[in-house]
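Me: I am new to this structure and would like to go through it step by step. Could you take my questions in turn and show how each answer is reached?

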Amino acid sequence: MTGRVIVITSGKGGVGKTTTNANIGTALARAGKKVVMIDTDLGLRNLDLLLGLENRIVYTIVDVVEERCKLKQALVKDKKNPNLCLLAAAQTRDKSAVTQEQLKDICEQLKEDYDFILVDCPAGIEQGFQNAVAGASEAIVVTTPEMSAVRDADRIIGLLEAKEEIKSYRLLINRVRPNLVKTNDMMSVDDVVEILSAKLIGIIPEDTGIITSTNKGEPIVNDEKSLAGRAYKNVAQRILGEEVPYLDLEAETSMVTKVKKFFAGLIGKEKQ
Amino acid sequence: MENGVSLFDNDTLNNEVSTISESSLQNEESHSSEDDFAYIENGFIVDVSDSRKISDVIYQLSSVLDLPEAQEKQVCIKLGSIDLNSAQVSSIKALVETMNSEIAFISTTSDITEASAKEINVKVSKIENKIVTPSFDNSKEGSAELEKALDKIFGGVSSEAQKLKNKISQFAKSSISKTSENNTESDIISSSHLSDISSSINDGIGTEVDDFKQYDDLNKELAEANRVADLEEEKLLEELKEKMILTEKLPTLYIQRTLRSGQSITADGNIVIVGDVNPGSEIKAVGDITVWGILGGIAHAGIEGNRFAKIRALSMNAIQLRIADVFARRPDGDNIPYIQKSDTYVPEVASVDGNNIIIHKMINK
């Protein structure tokens, strides 16, 4: 088995790399693939929190690198999905604890047993980024429709193109608010794609459910009703090579707002 | 013959606890015979013949006499070749008497000890020859094997004796009853053949002695193995006790600030933190960990294997608790990344019970 190593990166912080990683990983595992997620954000790890696996971590990637344990011992199995594993980052160390070669080596080892290796990249373009990208052959660039995030994504794409190992990269636009796009207060998806001239892999709408899912330690893909969850599921299907149409966010959200307005109107009438 | 008996003694009498009743039984069985061999009723034999020092004798004696079965009994002490003066013998006597027992007689191969025992009116006797053929309970574990070994020894003796008798009868050329004793036979033998006979007897005895030595060694090895196992167990217990005491003596690191995510503290002794320990931080201590605040990170007490180490906190909200090699994690479900604030704290203590970590709430204590 030769797995695909995909790095999820953004340049800017807070655009949803880790959330994307947790959700795509969970969706792929739910589709029956064997998935391992590597958190390379040493010192600022969050992936374990999002998956609700914080209390199970005994060994981290630094322990593997420093040969205090075997690679298999350090893989934390997901609570629900046995196909899903996490290789956690060390919280008490910094980025220099792992080198590019060591991460590459770990990815090579994991390739043999897993279909997908998703590498969660730290923000920035320094050593942490270089490490995360080292073992990968594909990349997903996460950005939001904001000028600063798009600028950073552009920088990242430039760096990725310079890397020989990265065969392909796709763009994921996160936190899209169709209402704002409609009123020209936010960049549209098309604008972002045009600026970055990159192939799209998914559009994720802004969803308040993400906040609760993060706090619960439960990826939002497990929630069938959530719009963002469905969008992430579609991204996973596209990674698997299926043709899935993009969600019509405007229609979906407008339906919701219509219903909301309807009920609001009813309540308003009662009050009167 | 002496060696043969000492083999038996080593096996049964040296293993003090299990064999006291057995040996006293044997004494009762065999006390019908000769007068010059003393016997004891309601008593037992303590074999300390492998001791080379008076301290060994005292140690072995006291460990046997300490047993509840050994109270208010007659005691026979088998001393072996050790040389004791009268003061030492009287101290042994005093030791036995403090244990509410009484010395029936002692057995020794040393003339000095014998003399000093007679000085203070302790009866000296020989018990070696007394135990003739020990009877064994087949149902007892391991006795079958011993019996086999003894069969070989004693069976070997009798056949050897048979051969000798045949030889003797040939030399003497007279009709002698086959059941009679060797001693009576030798009276009849003519003096001219006496030297030949005695040499052949010596040869026979020589091979017997070799046989006995072999089993003697085996039993000594067994006894040694038992002793080593006991010692190891004792050592382990002592080690644990030591660790408990050591925790108190360890240096203590005193920290008066909140430990934040990513911060890690390792100490060679105990750690006291006045402040919170936030999730994502790590404390490792050779001794105990005490947190005067909310413990929300990972705490590992007794990192060098001290299972007696404890983790205390005003509020226990740790992601993981580790004590020595025991590990516990926060249950799933209440996986809330921020600390739950509350107005009142109930101090909690985590310690190891068996292979689990148990957290006690400190209420009404």
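Reply: Before the questions begin, one term is needed: helices and strands are DSSP runs, a strand having at least two residues and a helix at least four, and they are numbered from the N terminus. The model shown here is a predicted one.

Me: In which strand of chain B is B:Phe44 found?
Reply: The strand in question covers residues 43–47 of chain B, a range that takes in B:Phe44. By the numbering from the N terminus, the strand that holds B:Phe44 is E1.

Me: Does B:Phe44 count as buried or exposed?
Reply: A residue is buried if 20 or more other C-beta atoms lie within 10 Å of its own. Because B:Phe44 has 25 C-beta neighbours inside 10 Å, it counts as buried.

Me: What distance separates the C-alpha atoms of B:Phe44 and B:Gln74?
Reply: These two residues of chain B are 30 residues apart along the chain. In the predicted model, the separation between the C-alpha atoms of B:Phe44 and B:Gln74 comes to 6.5 Å.

Me: Which strands stand at the edges of the open five-stranded sheet in chain B?
Reply: The sheet has the order E5-E7-E9-E11-E12, with mixed pairing. An edge strand has a single partner strand, so one side of it is left without a neighbour in the sheet, and in chain B this holds for E5 (264–267) and E12 (326–329).

Me: Within that sheet, which residue of E11(B) is the bridge partner of B:Ala301?
Reply: Strand E9 (residues 298–301) and strand E11 (residues 320–323) of chain B run parallel and are joined by four bridges. B:Ala301 has its bridge partner in E11(B), and that partner is B:Ile323.

Me: Turning to chain A, how many residues of strand E7 are buried?
Reply: Strand E7 of chain A spans residues 168–176, which makes nine residues, and the strand is mostly covered. For the whole of chain A, 47% of its 272 residues count as buried. In E7(A), the number of buried residues is seven.

Me: What handedness does the β-α-β unit that includes E7(A) have?
Reply: Strand E6 (residues 138–143) of chain A runs parallel to E7(A), with six bridges between them, and A:Glu138 stands opposite A:Ser168 in E7(A). Together with helix H7 (residues 147–162) of chain A, these two strands make a β-α-β unit, and that unit is right-handed.

Me: Which residue of E8(A) stands opposite A:Ile173?
Reply: E7(A) is also joined to strand E8 (residues 200–205) of chain A, by four bridges, and the two run parallel. Opposite A:Ile173, the residue in E8(A) is A:Ile203.

Me: At what angle do helices H1 and H11 of chain A pack?
Reply: Two packed helices are described by the angle between their axes and the distance between the axes. Helix H1 (residues 17–30) and helix H11 (residues 227–239) of chain A have their axes 8 Å apart, and the angle is about 65°.

Me: How many nonpolar residues does the contact of H1(A) with H11(A) have?
Reply: The contact is made by A:Asn23, A:Ile24, A:Ala27 and A:Leu28 of H1(A), together with A:Tyr232, A:Lys233, A:Val235, A:Ala236 and A:Ile239 of H11(A). By class, one of these residues is polar and one is charged, while the nonpolar residues number seven.

Me: On the side of chain A that touches chain B, how many residues are polar?
Reply: The contact between the chains takes eleven residues from chain A and 13 residues from chain B. On the chain A side, one residue is nonpolar and three are charged, and the number of polar residues is seven.

How values were computed. Residues are numbered from 1 along each chain as its sequence is written. Chains are lettered from A and ligands numbered from 1 in the order in which they are written. This is a predicted model: local features need pLDDT of at least 70, side-chain atom pairs count only at pLDDT 80 or more; totals for chains, interfaces and linings use all residues. Axes are lines fitted to C-alpha atoms, for helices over the stretch in contact, and angles run from 0 to 180 degrees between N-to-C directions. Two residues are in contact if their C-beta atoms, placed from the backbone, lie within 7 Å. Ala, Val, Leu, Ile, Met, Phe, Trp, Tyr, Cys and Pro count as nonpolar, Asp, Glu, Lys and Arg as charged, and the others, Gly among them, as polar. A residue is buried if 20 or more other C-beta atoms lie within 10 Å of its own, exposed if 12 or fewer, and partly exposed in between; C-beta atoms are placed from the backbone. Two strands pair if DSSP finds at least two bridges between them. A crossover is right-handed if, with the strands pointing away from the viewer, the path from the first strand over the helix to the second runs clockwise.
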